[in-house]
Amino acid sequence: MEFHFLGTGAGVPSTKRNVSSLAIRFLQCNGSVWMVDCGEGTQQQILRSSIKLSKLEKIFITHLHGDHIFGLPGLLGSRSFQGGITPLTIYGPKGIKAYIEQCLSLSNTTLLYPLSVVELEEGIIFEDKHYSVQCLLLEHVMPSYGFRIEEKAQSGELLVDKLKEKGITPGPLYKKVKAKEKIQLSTGEWIDGAEFVGPEVPGRIVTILGDTKPCEAAVKLAVNADVLIHEATFSIENQEMAHQYGHSTAYDAAKIARNAKVKTLILNHISARYEGKSHLLETEACEVFPNTYIAHDSYIHTLLRSKSS
Ligand SMILES: [Zn+2]
């Protein structure tokens with residue numbers, strides 16, 4: 001699983017940071033891509049990355065502020081223009097459907113792929129055999145959501161050496177063993193498949209939050225996450241202003257990470273006022289939660305599956 005930070009700035013683009021967008025590439029699922037937010041200029045950022053629009057399957061919009069959605073209509077049109085034909089689903093707050101329909105219809109943009117738009121309500125919003133996605137409302141100056149992506153646990157590996165000791169070689173029996181069935185061997189002996197399969201490999205948990213001041217929902221979404229991606233619009237010296245505008249400081253984000261017992265915290269949505277000194281935000285967060293990174297545009301963070309335990 002790779003996180004491609006396409007835009008890491010807050011509010012307006014700067015020469016160093018574009019406005020919000022994050023792409024997640026699922027290496028084990030054919031390189032399919034999900035996106036969280038799509039600020040203006042996201043297409044340019046994609047051109048500078050290894051992300052392919054044709055692989056994009058889902059877009060999650062945290063909230064309707066312009067720096068999170070003004071890149072969306074253009075990106076949808078380009079995906080069609082470039083020959084994308086596979087379905088795309090957009091999840092976003094109430095109003096996202098009208099926004100997309102109006103933009104596409106007024107600009108006479110036709111999409112040659114099926115587009116579904118789902119307006120969010122708190123709870124599980126997507127589930128398949130690989131992943132589930134849950135959303136909760138955060139605390140911002142307009143409805144803003146956070147997302148928790150949970151990967152399903154993978155069944156353990158076949159214990160091939162142990163099978164060989166029983167004289168079981170690769171073949172149709174392996175499938176039954178993997179399914180943990182009870183099997184009678186040609187010798188008449190019964191074996192329990194479960195004893196020949198290693199422990200389950202736990203799935204990864206990733207939490208990505210929209211704009212928010214510190215809140216309980218943030219902790220709930222982030223509990224035991226492998227990676228928490230949290231806004232850090234301001235530093236602690238501007239905490240009062242941060243909270244007034246529904247934002248967090250780097251210090252706030254670190255406290256959420258510590259309370260939720262996450263493994264890694266990545267800060268993004270950085271105000272342009274910290275250009276050239278964003279490392280100060282990292283330092284501020286590290287004092288509370290040492291395993292903190294600060295994202296920059298084009299930063300890629302890779303999260304491997306943990307070993308079975
Ligand atoms: Zn906002």
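1. **What you are looking at.** This is a predicted model, in which local features need pLDDT of at least 70 and side-chain atom pairs count only at pLDDT 80 or more, while totals for chains, interfaces and linings use all residues. Residues are numbered from 1 along each chain as its sequence is written, and side-chain values use heavy atoms, with hydrogens and water left out.

2. **The chain as a whole.** Of the 309 residues, 53% count as buried, where buried means under 20% relative accessible area, exposed over 50%, and partly exposed in between (1.4 Å probe, protein chains only). Taking contacts (heavy atoms within 4.5 Å) between residues at least 6 apart in sequence, 63% join residues at least 24 apart.

3. **The zinc site.** Which residues hold the zinc ion? His63 (NE2), His65 (ND1), His140 (NE2) and Asp211 (OD) coordinate the zinc ion at 2.2 to 2.4 Å. Donors here are N, O and S atoms within 2.8 Å of the metal (3.2 Å for Na, K and Ca); water is not among the atoms, so sites may look incomplete. The arrangement is irregular because the 4 donor atoms subtend angles of 87 to 171 degrees. Four donors count as tetrahedral if all angles lie between 85 and 135 degrees; four count as square planar and six as octahedral if opposite donors are over 155 degrees apart and all others between 65 and 115; anything else is irregular.

4. Along the sequence, the donor residues follow the pattern H-x1-H-x74-H-x70-D. His63 sits in the loop between strand E4 (56–60) and helix H2 (66–69), and Asp211 in the loop between strand E12 (205–209) and helix H7 (216–222), so this pair ties together parts that are 148 residues apart in sequence. A UniProt "binding site" annotation, from an unreviewed entry, covers His63, His65, His140 and Asp211. Although spread over 149 residues of sequence, these residues cluster in space, with a largest C-alpha distance of 10.6 Å.

5. The side chains of His65 and His63 are joined by a polar contact of 3.4 Å, and the side chain of His63 makes another with that of Thr62 (2.9 Å). A polar contact is a pair of N or O atoms within 3.5 Å; within protein, one must be able to donate a hydrogen and the other to accept it, and residues adjacent in sequence count only if both atoms are side-chain atoms.

6. **Asp211.** Asp211 is buried, at 3% relative accessibility. Its side chain forms a polar contact of 3.2 Å with that of His63. Leaving out residues up to four places away in sequence, Asp211 touches residues including His68, His140, Glu231 and His269.

7. **A second annotated set.** The unreviewed UniProt entry also lists Asp67, His68, Asp211 and His269 under "binding site". They span 203 residues in sequence, yet no two of their C-alpha atoms are more than 10.8 Å apart, so they gather at one spot.

8. The unreviewed UniProt entry gives Asp67 as "active site". Asp67 lies in helix H2 and is buried, with a relative accessible area of 11%. Its side chain reaches the backbone nitrogen of Gly11 at 3.0 Å. Beyond its neighbours within four places in sequence, Asp67 is in contact with Ala10, Gly11, Val19, Ser20, Gly39 and His269.

9. Helix H3 (residues 72–81) is mostly covered, with 7 of its 10 residues buried; among them are Leu72, Leu75 and Arg79. Gly83 follows H3 and has a positive phi, near 95 degrees. Over in strand E13 (residues 227–231) you will find His230, which is buried at a relative accessible area of 1%.

Conventions. Helix = DSSP H or I, 4+ residues; strand = E, 2+ residues; numbered from the N terminus. UniProt positions renumbered as here; feature names shortened; annotations may be inferred.
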